[in-house]
Amino acid sequence: MFTMKELNQVRKKLNKDGIFLQRNVDFTKEELINLGEAISPKNKLLEWDFGKVMEMKHSPSNENYLFSDEGVPLHWDGAFHEVPAYIIFYCTNINSDKGGESLFVNTTKLFQSLNAKEKEELKKIRLEFSTEKLAHYGGKIEVPLLADHRSNGQKILRIASEVKTKKNPVKRRTISGSHELCQKLDKLAHEPSHLYEHQWLKGDLLIVDNDTFLHGRNPLGENTARSFYRVQAL
Ligand SMILES: [Fe+2]
């Protein structure tokens, strides 16, 4: 577990950059839970029917596409339930250095890259996301695309991509405002200047601000032993 001093450094880094990485970490599930509670503004983790720690590994028989070898389009966590402040990923195994890279997009920077007219147009855009509840999440939500970060007040964008899997697809519909601008944002988010691809090593501990960042992953390819523990800090 981290010392108080180390925890403060983690918090400082998250406040500054919204993302923290430490390699060669040797953590138990319990230590991960303790870390999540320590960095949670509410001192609390999100709990699902599987508990506080999700074990993320390739499992083709699972009806949720997250456990398949498919890519996962950009999204923020908790949209259909309760949105956590931070997500902690701890890599417990990999078998290839290609495939299954995680993708991260800083939406505050994406917002800042737009011109004044586009920033104004964003205020009008509302999106609907819907998916059948086959996994631990599901339902229909309507959200304004432009939002404020819960603690630093910076502008953030809630622009998850459509999920086109056969298993449990997520549909996106533009309810109001410019559909073209949404498509432009999808494109911009995938440009190398906005997209950080993280190639995992066993023992990587990565914490990401779920307000500022969208995340996703590349298809697993040969990296089918890729596995994680994941906790979500409220
Ligand atoms: Fe996610």
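Two residues are said to be in contact if their C-beta atoms, placed from the backbone, lie within 7 Å. By this criterion, in the predicted model described here, 82% of the contacts between residues at least 6 apart in sequence join residues that are at least 24 apart. The chain contains 5 helices and 14 strands, and its C-alpha trace spans about 50 × 40 × 35 Å along the principal axes.

Burial was considered next. Of the 234 residues of the chain, 29% count as buried, a residue being buried if 20 or more other C-beta atoms lie within 10 Å of its own. The largest nonpolar core comprises 45 residues, and those with the most contacts inside this core are Ile-88, Tyr-90 and Val-105. The strand that gives the most to this core is S4, formed by residues 86-93, which supplies 6 residues. When neighbours within four places in sequence are left aside, Ile-88 is in contact with Leu-32, Leu-35 and Gly-36, with Ile-207, and with Arg-230, Val-231 and Ala-233.

Just after H1, Gly-18 adopts a positive phi of about 75°. In general, an α-helix has 3.6 residues a turn, so that residues three or four places apart point the same way.

Among the strands, an open sheet of 3 strands is arranged in the order S7-S6-S10, and the pairing is antiparallel. Strands S7 (139-144) and S10 (171-176) stand at the edges of this sheet, where each has a single partner strand, so one side of each is left without a neighbour in the sheet. From one strand to the next, the twist averages 20°. The antiparallel pairing of S6, which covers residues 126-131, with S7 extends over 6 bridges, and within these strands Arg-126 stands opposite Pro-144 of S7.

Methods:
Residues numbered from 1 in each chain as written. Predicted model: local features only at pLDDT ≥ 70, side-chain atom pairs only at ≥ 80, totals over all residues. Pairing = 2+ DSSP bridges. Helix = DSSP H or I, 4+ residues; strand = E, 2+ residues; numbered from the N terminus. Axes fitted to C-alpha atoms, helices over the stretch in contact; angles between N-to-C directions. Buried ≥ 20, exposed ≤ 12 C-beta atoms within 10 Å, placed from the backbone. Core = buried A, V, L, I, M, F, W, Y, C linked by C-beta atoms within 7 Å.
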